[in-house]
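Here are my notes for a colleague who is new to this structure. Please read them with the model open.

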6 protein chains.
Amino acid sequence: MKIQLINPNTSQAMTETIATAARAVAARGTEIIAVCPPQGVPSIEGHFDEAIAAIGVLQRVKQGRETGVDGHIIACFGDPGLLAARELADAPVIGIAEAAMHMATLVATRFSIVTTLPRTLIIARHLLHQYGFERHCAALHAIDLPVLALEDGSGVAQQKVREQCLLAKRQDGSGAIVLGCGGMADLARELTHELAMPVIDGVSAAVKMIESLHGLGLRTSKHGDLDFPLAKPLSGVFSEFN
Amino acid sequence: MKIQLINPNTSQAMTETIATAARAVAARGTEIIAVCPPQGVPSIEGHFDEAIAAIGVLQRVKQGRETGVDGHIIACFGDPGLLAARELADAPVIGIAEAAMHMATLVATRFSIVTTLPRTLIIARHLLHQYGFERHCAALHAIDLPVLALEDGSGVAQQKVREQCLLAKRQDGSGAIVLGCGGMADLARELTHELAMPVIDGVSAAVKMIESLHGLGLRTSKHGDLDFPLAKPLSGVFSEFN
Amino acid sequence: MKIQLINPNTSQAMTETIATAARAVAARGTEIIAVCPPQGVPSIEGHFDEAIAAIGVLQRVKQGRETGVDGHIIACFGDPGLLAARELADAPVIGIAEAAMHMATLVATRFSIVTTLPRTLIIARHLLHQYGFERHCAALHAIDLPVLALEDGSGVAQQKVREQCLLAKRQDGSGAIVLGCGGMADLARELTHELAMPVIDGVSAAVKMIESLHGLGLRTSKHGDLDFPLAKPLSGVFSEFN
Amino acid sequence: MKIQLINPNTSQAMTETIATAARAVAARGTEIIAVCPPQGVPSIEGHFDEAIAAIGVLQRVKQGRETGVDGHIIACFGDPGLLAARELADAPVIGIAEAAMHMATLVATRFSIVTTLPRTLIIARHLLHQYGFERHCAALHAIDLPVLALEDGSGVAQQKVREQCLLAKRQDGSGAIVLGCGGMADLARELTHELAMPVIDGVSAAVKMIESLHGLGLRTSKHGDLDFPLAKPLSGVFSEFN
Amino acid sequence: MKIQLINPNTSQAMTETIATAARAVAARGTEIIAVCPPQGVPSIEGHFDEAIAAIGVLQRVKQGRETGVDGHIIACFGDPGLLAARELADAPVIGIAEAAMHMATLVATRFSIVTTLPRTLIIARHLLHQYGFERHCAALHAIDLPVLALEDGSGVAQQKVREQCLLAKRQDGSGAIVLGCGGMADLARELTHELAMPVIDGVSAAVKMIESLHGLGLRTSKHGDLDFPLAKPLSGVFSEFN
Amino acid sequence: MKIQLINPNTSQAMTETIATAARAVAARGTEIIAVCPPQGVPSIEGHFDEAIAAIGVLQRVKQGRETGVDGHIIACFGDPGLLAARELADAPVIGIAEAAMHMATLVATRFSIVTTLPRTLIIARHLLHQYGFERHCAALHAIDLPVLALEDGSGVAQQKVREQCLLAKRQDGSGAIVLGCGGMADLARELTHELAMPVIDGVSAAVKMIESLHGLGLRTSKHGDLDFPLAKPLSGVFSEFN
């Protein structure tokens with residue numbers, strides 16, 4: 001099977017980070033096609049960034065669908081454009097926040113989230129509310145560094161993630177930690193080992209979820225409100241969606 | 001004061017419908033600048049349409065801000081791009097679903113919603129959940145006609161809206177009705193009179209809310225998670241946002 | 001238009017504070033008729049005080065209706081007697097807690113509340129729950145001084161409000177602050193400026209909301225459970241309501 | 001022990017109905033002192049009626065406290081003035097809606113409510129929300145007759161209650177029925193027998209709850225927000241509370 | 001009347017502690033039959049322990065029903081086997097967590113919980129969620145000692161309970177405290193007196209609730225989902241339930 | 001990898017049905033070890049049945065752990081003993097209701113549930129509440145036949161499932177259907193095809209979830225409240241757990 005792994009931002013470095021994380025868990029026979037939009041935002045740290053990124057996600061989903069992929073992953077912790085992508089696709093579409101949160105509820109009664117900038121916490125809060133997991137989240141933490149600090153090679157951001165995870169373990173009374181950024185995908189295994197508790201990355205989680213849905217023969221429902229968008233003439237730069 | 005009234009779809013007819021509704025209630029001294037995106041979707045009936053429309057909304061908000069408007073209205077019942085627009089603006093930004101729902105809770109203990117296609121009901125449900133008004137909504141109704149049927153001149157859609165409002169009055173045990181589409185803006189006053197209960201249009205409601213915030217000296221908070229988007233180089237068609 | 005601004009307590013000083021705040025934002029052509037009950041409680045700091053105050057509110061609403069006012073404001077942060085007043089009125093009725101909370105959700109994703117005595121916090125909590133805004137409130141703070149300390153001329157209470165607002169800004173992760181007492185109405189503008197974030201007073205907010213509903217032709221719904229009280233002979237001191 | 005049973009309306013007939021129901025279940029040694037306010041509303045069918053009735057309740061609670069009763073019951077299904085009464089009392093105070101709802105959750109997973117006029121349903125809804133029992137209530141039914149129809153001697157209202165209970169049993173998938181009016185207190189035992197499922201009257205339920213709290217040595221908490229009202233000079237007709 | 005008081009663990013010492021607490025509040029004429037399972041777990045501090053204990057509870061409930069008791073109490077703070085026991089019984093069945101939480105909401109607007117090991121907090125959280133009392137609980141505290149420390153005669157655990165209660169009083173803003181373990185049953189009266197606020201033990205609370213339901217003629221509903229278990233041949237050690 | 005598939009009832013026929021369903025989706029290299037308890041209940045249709053079945057589940061989990069399985073599935077739609085099993089295991093444990101509900105939220109905005117007897121609906125409701133999926137469930141349906149009717153070879157129960165699925169598709173406004181019984185596991189693929197919408201079986205869903213967690217290196221958290229049960233001497237028939 002082919003999984004289209006969409007990094008919604010335009011960072012090539014991050015696309016590689018998540019591709020590596022995805023391939024590390026993909027089943028034999030699963031091909032990971034990692035892409036990012038040709039144009040958009042270099043990182044996603046707010047609602048505006050998400051709105052821009054959603055277009056790139058949708059372009060890639062359309063493309064993926066045309067090339068016959070078996071599933072799509074939206075690899076940004078805000079799951080930008082998720083429901084729109086589900087309309088556009090008929091294969092399954094999974095967001096990495098969604099994937100990580102679901103997995104966390106399966107191995108612990110409550111989880112903590114560790115993310116990047118404080119201003120992105122509201123996005124995580126809204127997703128918890130929308131997905132039904134508010135009561136399963138014990139606390140949210142921000143390392144107070146931008147997303148791209150995870151790709152600067154210094155390791156500072158990674159060290160801060162580690163510190164916040166340790167803090168969460170000590171303080172929150174939760175049994176698992178969700179890493180709140182695609183750029184943290186490479187840290188999950190090591191932190192799981194070091195902290196002796198599940199530390200969950202959404203990218204790899206999403207790969208397994210797509211594989212699962214594929215294996216079950218389940219695709220995005222086209223009965224009801226996730227049916228394909230109604231045919232209508234889009235104009236301007238959006239005419240590529242026609 | 002100047003209010004930028006943004007129709008997120010590209011229908012000129014609907015832009016005029018809502019402009020008329022807005023001007024009918026605007027205070028003396030309030031100028032309504034009605035715009036729609038130069039490119040996008042002709043009507044909004046799902047999450048995909050919303051994602052596309054959000055870009056047009058943001059373009060217009062940016063433009064509005066540069067020309068010094070005192071507030072922005074997003075005139076589509078799904079409030080597409082609302083939080084993103086709030087980041088981009090420092091004047092207040094109001095969505096018409098938000099405006100209508102807030103007003104409804106001020107004149108009735110529970111309200112009904114009458115909207116267009118059944119597939120858009122999920123958008124209204126999600127907004128009720130997000131805004132905190134789930135318990136204030138007694139029922140949702142769809143006329144099962146597309147948005148642009150409201151602009152076809154036949155009056156069929158308008159008649160269906162009227163029928164669903166009567167049904168809601170008889171059945172729902174609610175005290176007010178929220179019209180779930182910008183294209184229904186011209187029906188509120190008449191239906192309020194005919195049904196002898198508040199029938200609320202979000203476009204006019206949003207005008208008064210913007211005027212209110214302006215009068216109170218309240219602008220979108222730039223402290224915290226609605227602060228301006230972090231400066232970063234957008235690429236491609238999005239570079240106009242730089 | 002005429003707005004009846006009802007201070008539910010009997011403090012003449014506070015009636016003047018709120019009248020000034022109301023007039024400062026009222027539209028040209030809006031007349032503010034500030035009243036308080038001839039008899040009742042000098043300040044409202046609990047459920048008992050509220051129950052007493054509600055009667056005075058209802059007396060004033062009845063009087064206001066007879067004299068043809070276009071809207072009523074209940075200017076105490078617990079919104080005492082709100083639904084009862086809506087039954088008695090056909091013009092719109094707004095409580096100041098309701099007004100401030102609604103406005104706060106329009107300019108920030110989450111807000112903090114700063115109120116007077118800790119024992120009144122439960123009233124704010126119940127209103128948040130009832131209005132649907134629990135998730136929009138990040139934290140509640142009390143200055144631990146009684147309501148009338150705001151009118152003692154010393155400025156001590158005002159200073160404590162300011163300190164709690166600063167604390168809220170630093171700690172809560174919220175984007176706006178709601179002032180939880182009618183007696184703080186005069187502080188909002190200055191604090192908004194000083195803190196560089198929206199600090200919201202319910203009295204002025206309610207004035208704009210009433211003006212808005214009036215401008216939209218929306219009155220309290222008389223269809224359903226806010227209809228006028230059923231005619232029945234009230235006895236004793238309550239016979240004035242017959 | 002002495003229980004003050006307060007009928008919040010001024011109907012002597014209803015006071016007797018509830019007194020009889022209360023005495024039928026009171027433990028040996030429990031004295032039921034049934035009172036109603038000397039002035040107020042003859043029946044309670046809305047928020048206005050409740051606000052008026054609350055004053056009478058508070059007068060009686062004060063009196064009851066002065067005469068040393070061991071508990072107070074507010075015998076109207078809206079529990080008017082409950083938290084205010086708890087401030088005024090130090091003995092326990094129970095509302096009959098509260099009592100019936102609590103009992104229902106102990107014998108069934110979900111319950112139905114049968115009440116009088118449709119306009120009172122919102123009061124029951126708000127109490128379910130406030131007490132935490134929304135999920136435990138499967139459905140609400142109204143017989144569409146006013147409260148005093150239960151005291152007109154014709155038996156018509158009683159027959160309608162019976163019909164709605166049968167309907168609830170057939171349709172709601174609930175395991176118990178709560179009678180939503182003090183005036184229905186005499187019907188519970190018979191309907192429990194006829195329907196072969198628990199049909200619960202709040203008056204008798206409240207008697208047992210007060211007896212329980214008394215037996216446990218538990219009184220209304222005076223630590224925190226239910227402490228006695230702050231001493232302040234009430235004016236006019238309210239000066240009796242000083 | 002006869003109340004079967006079931007200690008779900010096999011500790012004879014704790015069975016006596018709770019029996020004493022129950023008898024101290026039982027009405028004249030109420031016989032307390034205190035039992036524990038002949039086999040099971042010596043203490044209950046997690047979900048596994050609860051699952052084991054539930055079988056012992058059900059054995060005792062069956063036995064109690066055969067000997068004609070008028071009610072059953074499950075005297076462990078997790079209320080293990082509560083709904084299963086209600087199916088098996090037709091007399092009322094009450095859990096002590098349920099009983100204590102209900103009582104607490106009647107004397108305070110919010111309560112705190114003080115329990116034993118931190119790992120049991122999740123059980124209390126789940127019960128609060130299931131019973132509808134999440135908003136009524138201000139905070140949860142654990143003394144971080146196992147259940148049986150309460151029976152070791154040293155008084156250390158009792159001292160820790162007292163300390164946590166004092167902490168809760170100072171910090172939580174709640175008006176009552178619920179003791180979260182049957183083994184704390186003997187502490188409630190004394191702590192209520194010392195702290196001058198209601199400190200509630202579920203064992204004694206449950207006794208009064210059973211007496212109340214009995215006095216009201218209310219039994220576990222056999223209409224619907226709490227009806228007797230469908231007759232089916234249980235095998236092995238469970239055949240005693242046939 | 002080895003997955004222990006536990007049928008919590010003692011029906012050999014149903015154990016085979018679910019084993020077949022599990023094997024049909026298991027990845028190459030996944031071994032399904034289908035077991036049921038040697039003693040217990042022949043079918044599970046209520047809380048009592050669940051409590052009995054939980055012991056058998058725990059016995060099998062213990063056995064599975066000792067033989068080194070990589071995950072455990074509890075194949076009854078009430079997920080009996082789930083949290084207890086998670087304490088006992090360190091491999092992942094998944095319930096089939098949980099698995100099906102999670103999967104449904106990934107392919108549709110809302111889902112319907114079709115289950116067996118009406119009395120089991122409350123179990124599904126409680127799980128929706130506990131897992132956070134109440135808002136994602138549009139409606140619940142019961143075929144009103146016992147679980148074992150699915151194994152009687154007549155096809156009547158299967159036909160009723162089909163009818164309820166069609167009804168759900170027409171009426172509920174949901175995009176997917178969850179089959180609410182392990183005994184329906186063989187129907188999902190065919191109904192998905194016939195109804196042209198996702199019809200989800202929890203058994204196969206759980207297999208993929210266990211495989212996913214295994215592939216991610218995620219095991220049940222032993223940090224916090226799902227840690228192994230505290231060591232304590234179990235007595236009688238439970239001593240096998242020592």
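1. A definition to begin with: contact means heavy atoms within 4.5 Å. Keep in mind that this is a predicted model.

2. Which chains stay apart? Chain A and chain D are joined by no contact. Their closest C-alpha atoms lie 16 Å apart. Chain C and chain F do not touch either. For that pair, the nearest C-alpha atoms are 16 Å apart.

3. Chain A does meet chain F. Here 44 residues of chain A are in contact with 44 residues of chain F. The two chains bury about 3,400 Å² between them. Carbon and sulfur atoms give 63% of that area.

4. As for salt bridges between chain A and chain F, the count is zero.

5. Now look inside chain C. The crossing of α6(C) past α7(C) is right-handed.

6. Which residues make this helix contact? From α6(C) come C:Val161, C:Arg162, C:Cys165, C:Leu166 and C:Lys169. From α7(C) come C:Leu191, C:Glu194 and C:Leu195. In the contact of α6(C) with α7(C), five residues are nonpolar and three are charged, with no polar ones.

Methods. Residues are numbered from 1 along each chain as its sequence is written. Chains are lettered from A and ligands numbered from 1 in the order in which they are written. This is a predicted model: local features need pLDDT of at least 70, side-chain atom pairs count only at pLDDT 80 or more; totals for chains, interfaces and linings use all residues. Side-chain values use heavy atoms; hydrogens and water are left out. A crossing is left-handed if the near helix is turned anticlockwise from the far one by less than a right angle, and right-handed if clockwise. Helices (H or I, at least four residues) and strands (E, at least two) are DSSP runs, numbered from the N terminus. Ala, Val, Leu, Ile, Met, Phe, Trp, Tyr, Cys and Pro count as nonpolar, Asp, Glu, Lys and Arg as charged, and the others, Gly among them, as polar. Buried area is the accessible area (1.4 Å probe) that two parts lose on being put together, summed over both. A salt bridge is a side-chain nitrogen of Lys or Arg within 4 Å of a carboxyl oxygen of Asp or Glu.
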